[in-house]
There are 2 protein chains.
Amino acid sequence: MPKIVDHNVRKKQIAEASWRVILEWGMEGATVRNIAKEAGLSLGALRHYFSTQEELLVYAMNLVIERATDRINKIAIQELPPKEKVLHILLEIVPTNAETMAEMEVWFAFTAYAKHKKEFFKAHHDGIYSGIRNLIEYLNQQNQLRKNLDKEMEIERLYAVVDGIALHAMIDSDRLNKDRINELFVYHIDSICVEG
Amino acid sequence: MPKIVDHNVRKKQIAEASWRVILEWGMEGATVRNIAKEAGLSLGALRHYFSTQEELLVYAMNLVIERATDRINKIAIQELPPKEKVLHILLEIVPTNAETMAEMEVWFAFTAYAKHKKEFFKAHHDGIYSGIRNLIEYLNQQNQLRKNLDKEMEIERLYAVVDGIALHAMIDSDRLNKDRINELFVYHIDSICVEG
């Protein structure tokens, strides 16, 4: 199987090159030509891996999602108090370091670009939305949620808080730095959970 | 003064043409040439009003902000119960009809595009952030806020909720329609305000 492995490794390298191009130039600069140059490949060699620009960009975005999912799954299986586990997962969704900030910028640039490509776009967002739903359900199963909450509203609100913070962290990472994001998530979780 | 009035009217018409181009084609299509065509002007005539693409786009975005500000100011001077006034203002910031949805899409496309043009970008966001600060301060002055809230955290959280909802309404307006947005804001306001 070495050939298939090489093929996938090379595809990931190309995807990473496309992230660097998007970070440097925005989606306007994310042409197949520029990405091939950044990856150190000829246009013909790149076309061997991705036959269209859209195929490459969708792959690159899915890799962002795959990496975030991997990080979240690693936390999900840890033995942690429920509120702490939820906090750690939320901190993986929003950008709090150079790596996740880059992912977020790529995601944001791609989202604006892909606005009219509804299928891909919605699929990704439904993924985050259902992930947030799982977190609220998990807190509920662990008897952590306060009484008299409307679960549907809490899912919708937490989803908004997460993406709002992600957006603002990207725009103004000086104000909304890692400590403040942490503080804000703790504040929100405490506001919907029982004490102790 | 008729000439100056004409000049400004024409600039607004060009800005509105640029919105239509952005909605149809995204920022990639928002070239001076395409905008001139949409506005029914020659390239030379358009250059009479805006000498560069950036000048035109900044003007078009500022017009979005100006219109939203006008709508908000009209509500601010109305005689309304405090919580209701805050609700109505929040509903003007997020997209709940075709007009505000178009504004939001233009803003979103522009934001991704202008990511590296920090000055303009931050100035706009600081405007929304300080507007949200005013709403929380207003609720506080009107003795509507619950005790034991952290005001700075509530400002940051409401800011995130507003932009998160705006983003999600744009992505999935079927789920996050006007009624659900209204319900969510009422839910959030009730969670931070005293009853009655």
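Reader: Which helix of chain A has the lowest mean pLDDT, and which the highest?

Author: This is a predicted model, and among the elements of chain A the lowest mean pLDDT, 75, belongs to helix α6 (residues 98-113). The highest, 97, belongs to helix α9 (residues 178-192) of chain A.

Reader: And what is the mean pLDDT of chain A as a whole?

Author: The mean for chain A is 87, and 89% of its residues reach 70 or more.

Reader: Let us turn to α2 of chain A. Which of its residues are buried?

Author: In helix α2 (residues 32-39) of chain A, the buried residues are A:V32, A:I35 and A:A36. They lie on the same side of α2(A), because they cover an arc of only 100° around the axis.

Reader: Why would residues a few places apart point the same way?

Author: An α-helix has 3.6 residues a turn, so residues three or four places apart point the same way.

Reader: What does the face turned away from the buried side carry?

Author: That face of α2(A) carries the exposed residues A:R33 and A:K37.

Reader: Then what follows the helix?

Author: A:G40 follows α2(A), and its phi is positive, near 70°.

Reader: Which feature does UniProt place at residues 31-50 of chain A?

Author: An unreviewed UniProt entry gives "DNA-binding region" for residues 31-50 of chain A. In the model, this stretch is 75% helix and 0% strand, with its end C-alpha atoms 12 Å apart.

Reader: On to chain B. Is B:K37 buried or exposed?

Author: B:K37, in helix α2 (residues 32-39) of chain B, is exposed, with a relative accessible area of 72%. From B:K37 to B:A17 the C-alpha distance is 8.8 Å, although they are 20 residues apart in sequence.

Reader: How do α4 and α5 of chain B pack?

Author: Helix α4 (residues 53-76) and helix α5 (residues 82-93) of chain B pack at an angle of about 170°, with their axes 9 Å apart. That angle makes α4(B) roughly antiparallel to α5(B). Among the residues that meet are B:R71 and B:I72 from α4(B), and B:H88 and B:E92 from α5(B).

Reader: What about A:R71: buried or exposed?

Author: A:R71, in helix α4 (residues 53-76) of chain A, counts as buried because its relative accessibility is 17%, and buried means under 20%.

Reader: Which residues is A:R71 in contact with?

Author: Leaving aside neighbours within four places in sequence, A:R71 is in contact with A:E92, A:E99, A:T100 and A:E103.

Definitions and conventions:
Residues numbered from 1 in each chain as written. Chains lettered and ligands numbered in written order. Predicted model: local features only at pLDDT ≥ 70, side-chain atom pairs only at ≥ 80, totals over all residues. Heavy atoms only, no water. Buried < 20%, exposed > 50% of the residue type's maximum accessible area, 1.4 Å probe, protein only. Helix = DSSP H or I, 4+ residues; strand = E, 2+ residues; numbered from the N terminus. Arc of directions from axis to C-beta. UniProt positions renumbered as here; feature names shortened; annotations may be inferred. pLDDT = per-residue confidence, 0-100. Axes fitted to C-alpha atoms, helices over the stretch in contact; angles between N-to-C directions. Parallel < 35°, antiparallel > 145°, perpendicular 65-115°, else oblique. Contact = heavy atoms within 4.5 Å.
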